[in-house]
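Biologist: Can you walk me through a model? I would like to learn how to read its features.

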Amino acid sequence: MLRTTLAAASKQIGKRSLGSATAVRQKHTVPDLDYDYNELEPVISAKIMQLHHDKHHATYVAGLNAAEEKLHEAQAANDIQAQVALQPLLKFHGGGHVNHTIFWKNLIGEKNGGGQLHSCALSKAIEGQFGELSKLSSLMNAKAAGIQGSGWSWLTFNPEKGMLDVITTANQDMAASVGHVPLLGIDAWEHAYYLDYNNVKADYFKNIWRVINWKDVAQRYDDAVAQYNKV
């Protein structure tokens with residue numbers, strides 16, 4: 001199945017009923033990491049990973065659950081104004097949950113293959129569009145560095161063009177908000193790097209490529225292309 005952000009939202013956010021006040025709805029939870037907190041050292045410290053995963057991601061999940069509970073109540077009361085007013089919270093916390101769920105999967109330690117992109121459909125697409133991986137990483141890093149405030153730099157599959165694309169999203173906006181399929185996301189929020197890199201975020205952007213899980217990114221690309229070819 002295509003792992004678009006919308007599909008990820010359906011899978012990660014879970015099935016829930018919005019129909020009746022008595023419906024039992026599934027609460028969102030922070031997904032477990034596939035590795036230990038120190039897996040990404042020295043690129044990303046265990047301390048940052050624990051804070052980022054257990055505290056920051058958990059905050060988005062808690063905010064999403066609370067916003068959905070209020071939305072459920074507003075829908076049961078047919079309170080349209082309240083439903084509309086809740087949309088920014090749902091967008092922010094829902095995006096934070098979905099984006100971070102992708103982010104954890106996009107990463108793996110160097111000793112376990114981090115940073116290694118072997119020959120595959122994705123590598124050929126990168127070579128065809130960007131020339132080489134280093135040019136792609138430079139482009140994504142430049143995009144990330146140019147974000148004013150907080151946000152994400154994304155390698156995506158653009159269904160309108162049928163090809164790879166590099167975009168940024170502000171705050172916790174999802175790549176799907178502009179119709180793109182997220183393949184690889186780089187978190188440009190300060191909480192992702194500040195304890196390790198202080199204000200030198202350029203070093204964080206440079207080093208994170210050492211722990212990219214290209215197997216995960218390549219699978220997302222294969223799924224996106226397969227779905228695109230069905231249309």
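Modeller: We will go from the overall layout to the core, the helix packing and some backbone details.

Biologist: What kind of model is this, and how many helices and strands does the protein have?

Modeller: This is a predicted model. The protein has nine helices and three strands. From the N terminus, the order is α-α-α-α-α-α-β-β-β-α-α-α. Of its 231 residues, 47% count as buried.

Biologist: How much of the contact count comes from residues 24 or more positions apart?

Modeller: Take the contacts in the protein with a separation of 6 or more. Residues 24 or more positions apart account for 71% of them.

Biologist: Which residues touch the most other members of the largest nonpolar core?

Modeller: That core has 50 residues. Leu 107, Leu 155, Leu 164, Tyr 204, Ile 208 and Trp 214 touch the most other members. Helix H9, residues 214–230, gives the most to this core, with five residues. Apart from this core lies another, of five residues, including Leu 64, Ala 67, Leu 71 and Leu 90.

Biologist: What is Tyr 204 in contact with, leaving aside its neighbours within four places in sequence?

Modeller: Tyr 204 is in contact with Ile 44, Phe 103, Ile 186, Asp 187, Ala 192, Tyr 193 and Tyr 197.

Biologist: Now the helices. How is a packed pair described?

Modeller: Two packed helices are described by the angle between their axes and the distance between the axes. Take H5, residues 121–130, and H9. Their axes lie 8 Å apart, at an angle of about 85 degrees. H5 and H9 are therefore roughly perpendicular to each other.

Biologist: Which residues make that contact between H5 and H9?

Modeller: H5 supplies Ala 121, Leu 122, Ala 125 and Ile 126. H9 supplies Trp 214, Val 217, Ala 218, Tyr 221 and Asp 222. By class, the contact has eight nonpolar residues, no polar ones and one charged.

Biologist: At what angle do H2 and H4 cross?

Modeller: H2 covers residues 46–76 and H4 covers 87–105. Their axes cross at roughly 145 degrees and come within 8 Å. The crossing is left-handed. Among the H2 residues in the contact are His 52, His 53 and His 57. The H4 side includes His 93, His 97 and His 100. This contact has eleven nonpolar, twelve polar and one charged residues.

Biologist: On to the backbone. What do most phi angles and peptide bonds look like?

Modeller: Most residues other than glycine have a negative phi, and most peptide bonds are trans. Now look for exceptions. The peptide bond from Glu 41 to Pro 42 is cis, with omega near 5 degrees. Pro 42 sits in the loop between H1 and H2.

Biologist: Where is Asn 171, and what is its phi?

Modeller: Asn 171 has a positive phi of about 50 degrees, although it is not a glycine. Asn 171 lies in the loop between strands S2 and S3. Its relative accessibility is 39%, so Asn 171 counts as partly exposed. Asn 198 also has a positive phi, near 50 degrees. Asn 198 is in the loop between H7 and H8, and is partly exposed at 43% relative accessible area.

Biologist: Last one: is Val 231 buried or exposed?

Modeller: The cut-off for exposed is over 50% relative accessible area. Val 231 has 86%, so it is exposed. Val 231 is found in the segment after H9. Val 231 and Pro 159 are 72 residues apart in sequence, and their C-alpha atoms are 9.9 Å apart in space.

Terms used:
Residues numbered from 1 in each chain as written. Predicted model: local features only at pLDDT ≥ 70, side-chain atom pairs only at ≥ 80, totals over all residues. Heavy atoms only, no water. Core = buried A, V, L, I, M, F, W, Y, C linked by side-chain atoms within 4.5 Å. Buried < 20%, exposed > 50% of the residue type's maximum accessible area, 1.4 Å probe, protein only. Helix = DSSP H or I, 4+ residues; strand = E, 2+ residues; numbered from the N terminus. Contact = heavy atoms within 4.5 Å. Axes fitted to C-alpha atoms, helices over the stretch in contact; angles between N-to-C directions. Parallel < 35°, antiparallel > 145°, perpendicular 65-115°, else oblique. Nonpolar A, V, L, I, M, F, W, Y, C, P; charged D, E, K, R; others polar. Left-handed = near helix turned anticlockwise from the far one by under 90°.
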